[in-house]
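Thanks for coming. I will show one structure and then go through a few of its parts.

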Amino acid sequence: MKPESLIHRYFIGEASESDVAKLDDLLAENPELRKKFITEAGHDAALREIALEQQADAAAADSKLISPVFRPVAWLSAAAAVILLATLAWTQASKPKIIAELVSSEDAAWESSLPTEPGSKLTRGRMKLTSGIATIRFRSGAEMLLEAPSQLYLKGPMRARLNSGAAILNVPESAIGFALETPEGHVIDYGTAFAVNVADERDYTNVEVIEGEVAVFMETTGEEVRVFDQQGATITDNTLSTYEGTLPEAEIEPAQNTLRIGTNGRSTSVIRANKEKWLHPDKLMVKRKNKETNHERRSFFAFEVPEVDMTSIESVRLRLNQVPSGIGYATRLPKVSKIAVYGLTNKEKSDWDLSATWESGPNPEDGTLIGHIEIPRSRQTGSRFLAGERLLTFLKENRGQSVTFILDAEVDPVTGELVPSLVLAFASDTHPEAAGPTLEFDFAK
């Protein structure tokens, strides 16, 4: 029997006493075989750890669950037993408090309960990278280059879970057996460089081996494939498949059938007391007054609704791109601000122009409430969306006409100090970096 077969039989629990004795002799004589045995031991230990956690998560009291089999180490020689026990101890011992380090970040922005400054020591926990690139080095020596947007869960020095996003891993010999989980399965490393891309919105995982070898497992069936240099594997639609070279373009989904409409410059802001010098033409501003100031602001903008077959529309949304206003303090806002969006119904106000004032321009009393946009005070950038039946109905009722939307801050700022609260702002059509208000219609394909 080949030495590789003996090792395989040992780790699946089918080796006889004579098989183990023969393997013991071979390990004592062959350094290369000992190295392969260590690799397989790391692989076996990583799989056992995954099985144990899944078993505990599923149902600790379920008597039908099968515990992993532990092989009789006593059969091996002292040298071989030490090799195996040391490898198993790495993954089965109590996890150390510090399991990784955030080595570097490039324009990174995080939403994380763990520290995010370069050089920070990381424990078990979740990390969400919203922009930029970050490098995480595990205590085992495995190094991960994480690309935004990504959601990562650190589990141990030899284990992590990538819930969404893209990462490249470089795994040295010290970290052979490193396990990276995804929602569709997991990857066991054999000392390689490989890339993983997880698209959680369509239940898809792609693995590409840059150099070396990995094992890719599909969660639902337990199926396994080995992937080598310049090869890849995908898990999607309950199918595990491999390919040579780069991912075939046929795997790329076609773009959504979407119609986007802008305001063509018809957007503006107004301020109470007509202090126009505190308005910016590139920004649509909203703010509720507090008792110390009277600088209340609101905005409005218009679209020409196209003459389209509204029955073929699957969904519609209003997109606003939030930008920093540079006025006031975010800490003087409530934790979440609510921006009310009204659709203008008073036809007498529909002919407003860019010179409109607080008194002459449309106001909430001139319209019907379409919905709300909620904005945490910790965020001053990003796309904000409003969708739903009210929006679709309002547009259907005004097909082929001009429609105006009014933005009004609904939550009062914090009061009691002469410190101004933040003015919330969205890009207008003239903003140099972000797009102005947009209506997006999704049509059936």
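Where does aspartate 351 lie? Aspartate 351 is in the loop between E19 and E20. Before going on, the ground rules: this is a predicted model, where local features need pLDDT of at least 70, side-chain atom pairs count only at pLDDT 80 or more, and totals for chains, interfaces and linings use all residues. Residues are numbered from 1 along each chain as its sequence is written, and side-chain values use heavy atoms, with hydrogens and water left out. Helices (H or I, at least four residues) and strands (E, at least two) are DSSP runs, numbered from the N terminus.

Is aspartate 351 buried or exposed? Aspartate 351 counts as exposed because its relative accessibility is 63%; the cut-offs are under 20% relative accessible area for buried, over 50% for exposed, and partly exposed in between, with a 1.4 Å probe and protein chains only. From aspartate 351 to serine 402 the C-alpha to C-alpha distance is 9.5 Å, and the two are 51 residues apart in sequence.

Aspartate 366 is also placed in the loop between E19 and E20. Aspartate 366 has a relative accessible area of 9%, so it is buried. Its side chain makes a polar contact with the side chain of lysine 349, at 2.9 Å. A polar contact is a pair of N or O atoms within 3.5 Å; within protein, one must be able to donate a hydrogen and the other to accept it, and residues adjacent in sequence count only if both atoms are side-chain atoms. Leaving aside neighbours within four places in sequence, aspartate 366 is in contact (heavy atoms within 4.5 Å) with Leu344, Thr345, Asn346, Lys349 and Gly361.

Now the sheet. Five strands form an open sheet, in the order E15-E17-E22-E19-E20, with antiparallel pairing; two strands pair if DSSP finds at least two bridges between them. Strands E15 (267–271) and E20 (367–376) are the edges, each pairing on one side only. E19, residues 336–344, pairs with E20 over nine bridges in the antiparallel sense. Alanine 340 has histidine 372 in E20 as its bridge partner. Helix H5 (residues 389–397) packs on the sheet and touches E19, E20 and E22 (402–409); the direction of H5 makes about 145° with that of E22. Axes are lines fitted to C-alpha atoms, for helices over the stretch in contact, and angles run from 0 to 180 degrees between N-to-C directions.
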